[in-house]
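Please read the following report alongside the sequence and the model.

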Amino acid sequence: MEDRSRRSFLKIGGACALGLSALPAIKVSAADVQSVFSPAPNALTGKKWAMVIDMKKCWEKGKEGCKDCSQACNHVHNVPDIGNPKDEIKWIWPEHFANAFPGQESEYTPEEIASKEFIILCNHCTNPPCTRVCPTQATWKRKEDGVVMMDPHRCIGCRYCMAACPFGSRSFNFRDPKPFVKDPNPKYPARMRGVVEKCTFCEERLAKGQIPACVEACKAKALVFGDLDDPKSEVRKLLHSNYTIRRKPELGTEPNVYYII
Amino acid sequence: MLERVFTGSEKYYKLLMSLLAVVAVGFGCYLYQLTHGLTVTGMSRDVSWGLYIAQFTFLVGVAASAVMVVLPYYLHHYKTFGRITILGEFLAVSAVTMCLLFIIVDLGQPQRALNVLLHPTPNSVLFWDMIVLNGYLFINIIVGWNVLAAERKGVMVQSWVKPLIYLSIPWAVSIHTVTAFLYAGLPGRHSWLTAILAARFLASAFAAGPSLLILLCLFLRKHTKFDAGKEAIQKLATIVTYAMLISIFFVLLEVFTAFYSNIPGHMHGLKYIFFGLEGHARLTPWMWAATVMAFGAAFILLNPGMRENEMTLKIACTCVFLSLWIEKGIIFVISGFVPTPTEHVVEYYPSIPELCIVVGVWALGFFILSLLYKIAISIKEELAA
């Protein structure tokens, strides 16, 4: 008869627990599992999505105080209007030149630039610091097209990504957002309390063959969305024929949102 | 050994009960936070980390400082510290426990905390911090417990414990280095983006931790039969002196680099904490208090007569601990968010529930510390008797 002491039982139990706890570590070193999903036939596909924002068009052709882009975004994505700066959620919003491009302003910056507001949103950086710091891979840079994705169901709400983002592009649901969504869009999920969210370049619309909601909503056609990897794309043409600037290029994050001013 | 926590004087039970009462208040506030979200704290979209993460950062230092008694005793055979290594290790256990609790109370979705294990992410410093902190906790529990058990039986500690003791030395350095890397690798947060941060953290930790240990030793001598001995306390005081001077020196290095280079981003953080920015100056009284206490403590500690006098030593240690608690446990984390990435100055002030939770976690830490010290002291008293 084998020795069935409590000691040996505990030994076997301990070994099993150790083996099970090592499983995730083994999974991580195992080869990446290829995605079993293929994009829908009408999906917009690109290798490196980017946006060019022509602020001159926005200021000249847009109406004073026009909020079409942010309103469209907020509605499509059920972004709450909480109404206080402490808890607010922002995906795309206006900032003055000195705030959007710190250090670029001088006392001689033309009045029309210094006083006007710029549209800012997640830059979908080529080297995003936010995804680098996330301890759960709840946010990641999508390999196929460069969108900086966000999974609010995996997010633990540590807010490390908010500390890491040098553009202030991330928001945290300090409270339940649902009561603050006036006209909910049932086609897009609402978030829960305690998770981070941000602009995702409308990845859910790209998958259905639609351009981002903000781009679609802009009557002045100031926002242009396209694939930087495609030399014939409109964004590449604009970048070729205009001098453009990016936010905080010195940090090496390689923002993919460009501005014509 | 464990049964010794159940036997004690009335004073001991009163201490435990009052700590538990504070824990209960903190826990109540935590339930409130859990049901309403982190909106009940003073944190905001712009200052997205507050006192919780700041306490965590400070306490990692207190935990790491155990190495300051372990290293001289085990590597240099400095026998005088033999009596107090257990106090250092048990202090580390309670400090790391508080660190982990402060992370948990800071999470927006604490029930998902184990996602960090389910989806291990080696490129995240927070993942490594989780590894080193938990590792350090277990090392100190195992080492402390076994060394104490051996002492009780009057035998040498078992041979397998020795490698763990040596491992605990670099491991202590690693916990504070990794914690510094949480901050020091983020582009765009100028006050944090400094290569000297890990060194600064270690220096301030080796001042704050041993100064707390001195105060604890003096407390124990007054209320129990355990005496750490004058020599051990004086040696700790010497450690505090050097570490405090290095800590002040490191902060002055930051001031030089920021202001001589004249780069606005580097100056903003320091201007904000010392003088305020755009009329926002909530942290300045704290920063000046910390500065005055730091220099006051350095003055006392540098003066041999005052360092050897227990009354003035107590004052110096209190000043060192409070000064570094303010610098690291309040100012460092919060000022990193000012100004915001879009150059707005947004200030933070903790809310009442948030403060209660902070105090509650500290109380729980001291509750654990009391139990652990009770065991250690009871055994030492029995052996002395």
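## Helices H9 and H11 of chain B

In this predicted model, Ala237(B), Val240(B), Thr241(B), Met244(B), Leu245(B) and Ile248(B) of H9(B) are in contact with Ala294(B), Phe295(B), Ala298(B), Leu301(B) and Leu302(B) of H11(B), where contact means heavy atoms within 4.5 Å and helices are DSSP runs of H or I, at least four residues, numbered from the N terminus. The residues of this contact comprise 10 nonpolar, 1 polar and no charged (Ala, Val, Leu, Ile, Met, Phe, Trp, Tyr, Cys and Pro count as nonpolar, Asp, Glu, Lys and Arg as charged, and the others, Gly among them, as polar).

H9(B) covers residues 230-261 and H11(B) residues 284-302, and the two pack at an angle of about 140 degrees with their axes 10 Å apart.

## Chain A against chain B

The contact between the chains takes 51 residues from chain A and 44 residues from chain B. About 3700 Å² is buried between them, with carbon and sulfur atoms giving 53% of that area (buried area is the accessible area, with a 1.4 Å probe, that two parts lose on being put together, summed over both).

Between chain A and chain B the count is 1 salt bridge, defined as a side-chain nitrogen of Lys or Arg within 4 Å of a carboxyl oxygen of Asp or Glu. Arg159(A) forms a salt bridge with Asp106(B), and their closest N and O atoms are 2.6 Å apart.

## Basis of the values

Residues are numbered from 1 along each chain as its sequence is written, while chains are lettered from A and ligands numbered from 1 in the order in which they are written. Local features need pLDDT of at least 70 and side-chain atom pairs count only at pLDDT 80 or more, whereas totals for chains, interfaces and linings use all residues, and side-chain values use heavy atoms, with hydrogens and water left out.

Key:
Axes fitted to C-alpha atoms, helices over the stretch in contact; angles between N-to-C directions.
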